[in-house]
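Trainee: Could we go through this model together, one question at a time?
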Amino acid sequence: MALEAVDHSGTLQVESKISQMMLAEENENVNSVEGGESHLQPSLKEHVPAEESISQKKITSTETLNKGYLEYGCSHYRRRCKIRAPCCDEIFDCRHCHNEAKNDICVDQKLRHEIPRHMIQKIQQVCTNCGACMGRYYCGICKLLEDDTSKKQFHCDPCGICRIGGSEKFFHCDRCECCYSVVLKSSHPCVERAMHQDCPVCFEYLFESRKEVIAMLCGHTMHRECLEEMQEHSRYACPICSKSVFDMSKVWEIIDMKIAATPVPPYFADKMVWILCNDCGSNSEVKYHVLAHKCPECKSYNTRL
């Protein structure tokens with residue numbers, strides 16, 4: 001309720017708490033009055049602290065997200081969090097660190113165990129307590145966090161797994177059920193579920209391996225470093241199908257010269273044997289020699305009796 005009073009000039013003044021509250025609300029919303037300045041117009045200084053506060057919040061938020069960037073992690077992943085193993089309730093940097101520690105040859109065989117890729121369930125990119133970012137790359141499907149985005153991680157939907165190297169450099173083969181380099185798109189021999197097996201040398205599961213995997217001429221796959229180790233021991237055939245994994249034409253020429261320089265003993269001069277070529281798969285009858293037997297079809301020495 002308003003109270004009215006009349007002064008000597010005859011003007012009407014209103015003194016009421018309700019009127020003062022309404023006027024205060026108008027002072028906050030009205031910036032200008034048509035026809036000139038008004039005492040209801042707020043000064044620009046009143047808005048500066050609010051703008052600075054918003055800007056400061058953005059800076060603080062960015063600093064929180066970037067705090068500890070590339071400062072934490074392990075040899076497998078650079079990220080700002082750790083996992084609690086659901087099997088043994090211990091803290092590790094990642095599941096690979098857990099598997100290396102708990103599935104080591106030094107651990108009692110009865111106590112050895114691993115964490116499968118899909119067992120990690122509760123994970124998110126930003127901490128709910130402090131707002132820190134766990135990793136700049138985040139995949140909610142694979143439950144993967146990684147700060148080092150220079151690896152160019154990408155998620156392949158058909159594979160159902162994240163890979164590195166950039167999606168533009170790989171293609172997914174539906175028959176092989178895995179990703180290959182685009183260089184092999186029109187030339188690789190398809191082998192069904194080629195990577196869904198263990199490496200024939202080190203026996204690590206290739207499909208989820210973090211090491212580089214190579215497809216050989218026969219279509220089978222293995223780790224590149226395992227193939228290079230085979231080369232060091234003069235092994236040039238696929239451990240699975242025994243086909244040559246390189247162009248061996250220069251080697252065959254050297255063997256030709258060695259056979260020509262090595263005469264066969266007289267009692268073996270007319271001996272004939274059947275051979276199976278590992279490269280072309282043909283059976284042939286050839287003259288016996290103590291060094292090697294050449295396939296008459298493909299001229300390969302990758303044969304067996």
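Mentor: Happy to! This is a predicted model, so local features need pLDDT of at least 70 and side-chain atom pairs count only at pLDDT 80 or more, while totals for chains, interfaces and linings use all residues. Residues are numbered from 1 along each chain as its sequence is written, and side-chain values use heavy atoms, leaving out hydrogens and water.

Trainee: How many helices and strands does the protein have?

Mentor: Helices (H or I, at least four residues) and strands (E, at least two) are DSSP runs, numbered from the N terminus. By that count the protein has five helices and 15 strands.

Trainee: Which strands stand at the edges of the open sheet of three strands?

Mentor: Strands pair if DSSP finds at least two bridges between them. The order is β14-β13-β15, with antiparallel pairing. Each edge strand has a single partner, so one side of it lacks a neighbour in the sheet; these are β14 (283-287) and β15 (303-304).

Trainee: What is the bridge partner of Leu276 in β14?

Mentor: β13 (residues 272-277) pairs with β14 in the antiparallel sense over five bridges. In β14, Leu276 has as its bridge partner Asn283.

Trainee: Is Ser300 buried or exposed?

Mentor: Ser300 lies in the loop between β14 and β15. Buried means under 20% relative accessible area, exposed over 50% and partly exposed in between (1.4 Å probe, protein chains only). Because its relative accessibility is 2%, Ser300 counts as buried.
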